[in-house]
Amino acid sequence: MEYSKRTRILKGDICYSIDKHTLKTVSDGFIVCENGLIKGVFQQIPEQYKDFPMEDYNGKLIIPGLTDLHVHAPQYSFRGLHMDLELLEWLNTNTFPEESKYKDLEYARKAYRIFAGDLRRGGTTRASIFATLHVPATKLLMELIEESGIRAYVGKVNMDRNSPDYLCESDALSSATQTVQWLKDTKDAYEHVKPIITPRFIPTCSDELMGMLADAQKEFQVPVQSHLSENRGEIAWVRELVPDSRFYGEAYDRFGLFGGETPTIMAHCVHSSPEEIQLMKERGVYIAHCPQSNENLSSGAAPVRLYLDEGMNTGLGSDVAGGATLSIFRAMTDAIQVSKLRYCMLDEQMEPITMEEAFFMGTKGGGSFFGKVGSFEEDYECDALILDESRIPHPQHLEIRERLERFLYLSGDDGVIHKFVGGRKIF
């Protein structure tokens, strides 16, 4: 019998999240995938699946694919530069000059090929990606991500005020008109990549533009991504620009771009007020926790323990180039370390997060923005990574959980030797 390329059995030492506290491990087990969906994890192969083609990764760790809820593709080219600056100065020094170069499609092609190639080779299987305000370059990025096999949302950035002349749309109508045409052109153009409405953040988007983007969201029924309460200077600026909003999140919410019926990712949420947190919880807003970026740009330490304890939708973001690496493995360990610093220096009532919680955020927690993604539970999409631990040998016997923890801290994306997205083998 000839089977779909998305039907297979994976054999190995299996590890995945059931919930934020529970890590399920199965030694020498079998993951059954049929037409891209998980049928179950078994110690023995059930009779009805015995003829499925099998890939034997005996002794290797098999984990779900990783989700990056927040990454800036055009910033990949300057990661690791001027990391001693704070957010707003860093934007003016690094980000805006670089993003302006994407008006040149050949430059965009050169830069985006590097980004898409490295994203493909790493552990990320799902991503929510910022492009720039340039429509041709954004379409090019979507094409390259589609070719990579990654499943992603990609956003054409909107910014019509408080931006340098060389990187600012002429007015709200022009920005919205281009966005609507881009949505028409791309909504159903790709199998694995979809558009997402992307106001950069409130300081660069006028009320008129936000209203038009809200109309476009209702018409095309696509999700939204932006930034929220990342930096104290940014929050003070929003307060000046939108004095009738009680808090930053309300500046989005008054346009219907803050969760509820609008699937929404808000990156950072480092300094969210209790009122803002409550509204995020009520609206089901997804928080993209970006710990390395928050360290690098002196933004602070987000109260991720609170978000997890409140049962809020919480995942991880690399936030390249605020973060210097695409690795969500690194984001997991950074999240643990930043939570320890917050515990020691700010709030001893807020205990550090555990490895299980960090792993959950990088897999099932963030993956749920894409549907049933990020676990090996039945009916989940089969995103899987095969890990090679040979470069981190050890003399003692380690359980699967211990092997996973060592891998997070000592290896990372370079240790991913095979990758499956929706049951399809990428490499």
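Mentor: In this predicted model, α11 passes α12 in a right-handed crossing, the hand being right if the near helix is turned clockwise from the far one by less than a right angle, and left if anticlockwise. The axes of α11 and α12 (residues 355-367) come within 9 Å and cross at roughly 140°, where axes are lines fitted to C-alpha atoms over the stretch in contact and angles run from 0 to 180 degrees between N-to-C directions. That makes α11 oblique to α12, because under 35 degrees counts as roughly parallel, over 145 as roughly antiparallel, 65 to 115 as roughly perpendicular and the rest as oblique. On the α11 side the contact (heavy atoms within 4.5 Å) involves I328, M332, A335 and I336, and on the α12 side M355, A358, F359, M361, G362 and T363. These residues divide into 8 nonpolar, 2 polar and no charged, with Ala, Val, Leu, Ile, Met, Phe, Trp, Tyr, Cys and Pro taken as nonpolar, Asp, Glu, Lys and Arg as charged, and the others, Gly among them, as polar. The helices (H or I, at least four residues) and strands (E, at least two) are DSSP runs, numbered from the N terminus.

Residues are numbered from 1 along each chain as its sequence is written, and side-chain values use heavy atoms, leaving out hydrogens and water. Local features need pLDDT of at least 70 and side-chain atom pairs count only at pLDDT 80 or more, whereas totals for chains, interfaces and linings use all residues.

E381 and C33 are 348 residues apart in sequence, yet their C-alpha atoms are 8.5 Å apart in space. Not counting residues up to four places away in sequence, E381 touches G36, L37, I38, R126, R151, F370, K372, V373 and S375.

To place the contact within the interior, consider the nonpolar cores, each a set of buried Ala, Val, Leu, Ile, Met, Phe, Trp, Tyr and Cys residues joined through side-chain atoms within 4.5 Å. The largest has 76 residues, and those with the most contacts inside it are Y112, F115, I129, L141, I145, Y252 and M280. Helix α3 (residues 135-148) gives the most to this core, with 7 residues. A second, separate core of 27 residues includes L66, V304, I353 and A335, and A335 is also one of the α11 residues in the contact with α12.

For a contrast in geometry, helix α4 (residues 172-186) and helix α5 (residues 207-220) pack at an angle of about 15°, with their axes 9 Å apart. That makes α4 roughly parallel to α5, and here too the crossing is right-handed. The contact of α4 with α5 divides into 10 nonpolar, 2 polar and 2 charged residues.

Methods. Buried means under 20% relative accessible area, exposed over 50%, partly exposed in between (1.4 Å probe, protein chains only).
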